[in-house]
Amino acid sequence: MRFDYDPENIFAKILRGEIPNKTVLETEHTLAFEDIRPQAPVHVLVIPKGAYVSQDHFARDATDAEILDFNRTVAKLCETIGVEEGFRTISNARGHGVQEVPHFHMHILGGRPLGRMLAPA
Ligand code: AMP
């Protein structure tokens with residue numbers, strides 16, 4: 001699979017400091033910030049700082065250090081953002097996944113019961 005990264009996507013602009021964000025946690029390779037349209041009391045987005053389009057792109061091409069840092073950041077977030085009672089991670093990819101922003105991101109949602117995984121088709 002070929003992944004073409006668009007450097008004008010909104011999360012790339014956030015990473016370049018061109019538009020603001022509400023940062024929750026930042027590390028060497030990873031940024032976590034509040035979703036602008038939260039769908040639960042806790043709704044945090046976790047993104048790598050590298051130019052990866054989607055989770056499969058990141059998992060295939062990122063360095064070990066980037067992948068480790070991303071996952072450890074998710075763990076730190078889950079200890080600190082108020083999801084002790086449970087949470088859901090979602091990573092939408094491409095058309096069938098209804099991905100709006102073409103920079104890999106993981107949603108962490110929680111703070112209330114989240115219902116079943118998917119609405120019935
Ligand atoms: P998706 O690509 O469908 O997984 O979702 C993209 C997510 O990015 C949505 O939940 C949006 O609310 C969120 N979003 C879009 N623009 C911003 C922004 N400037 N700051 C924070 N979150 C954003």
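At which residue does UniProt place the feature "active site"? The unreviewed UniProt entry places this feature at His105, in an annotation that may be inferred rather than shown by experiment, with UniProt positions given in the numbering used here and feature names shortened. The structure is a predicted model, in which local features need pLDDT of at least 70 and side-chain atom pairs count only at pLDDT 80 or more, whereas totals for chains, interfaces and linings use all residues. Residues are numbered from 1 along each chain as its sequence is written, and side-chain values use heavy atoms, with hydrogens and water left out.

Histidine 105 is placed in the loop between β4 and β5, where strands (E, at least two residues) and helices (H or I, at least four residues) are DSSP runs numbered from the N terminus. Its relative accessibility is 6%, so histidine 105 counts as buried; buried means under 20% relative accessible area, exposed over 50%, and partly exposed in between, computed with a 1.4 Å probe on protein chains only. When neighbours within four places in sequence are left aside, histidine 105 is in contact with Phe11, Leu45, Val46, Ile47, Ile90, Ser91 and Gln99, contact being defined as heavy atoms within 4.5 Å.

The loop between β4 and β5 also holds arginine 94 and valine 98. Arginine 94, a residue other than glycine, has a positive phi near 55°, and its relative accessible area of 38% makes it partly exposed. Valine 98, likewise not a glycine, has a positive phi of about 55°, but with 59% relative accessibility valine 98 counts as exposed.

Strand β5 (residues 106-110) is mostly covered, five of its five residues being buried. In a regular strand the side chains alternate between the two faces of the sheet. In β5 both faces are covered, with Met106, Ile108 and Gly110 buried on one side and His107 and Leu109 buried on the other. Five bridges join β5 to the antiparallel strand β3 (residues 42-48), and valine 46 stands opposite methionine 106. Four bridges join β5 to strand β4 (residues 87-90), again antiparallel, with threonine 89 opposite isoleucine 108; two strands count as paired if DSSP finds at least two bridges between them.

These strands belong to an open, antiparallel sheet of five strands in the order β1-β2-β3-β5-β4. Strands β1 (23-26) and β4 stand at the edges with a single partner strand each, so one side of each is left without a neighbour in the sheet. On average, neighbouring strands are turned by 20° against each other, direction ignored. Helix α3 (residues 64-80) packs on the sheet, touching β1, β2 (30-34), β3, β4 and β5, and its direction makes about 165° with that of β3; axes are lines fitted to C-alpha atoms, for helices over the stretch in contact, and angles run from 0 to 180 degrees between N-to-C directions.

Five aromatic pairs are found in the whole structure, rings of Phe, Tyr and Trp (its six-membered ring) being paired if their centres lie within 6.5 Å, with planes under 30 degrees apart counted as stacked, over 60 as edge-to-face and the rest as tilted. Tyrosine 52 and phenylalanine 58 form an edge-to-face pair, 5.3 Å centre to centre with 75° between the planes. Phenylalanine 58, buried with a relative accessible area of 4%, also forms a tilted pair with phenylalanine 70, at 5.3 Å centre to centre and 55° between the planes. This pair links phenylalanine 58 in helix α2 (residues 55-61) with phenylalanine 70 in helix α3, 12 residues apart. Ring pairs link Tyr52, Phe58, Phe70 and Phe104 into a cluster.
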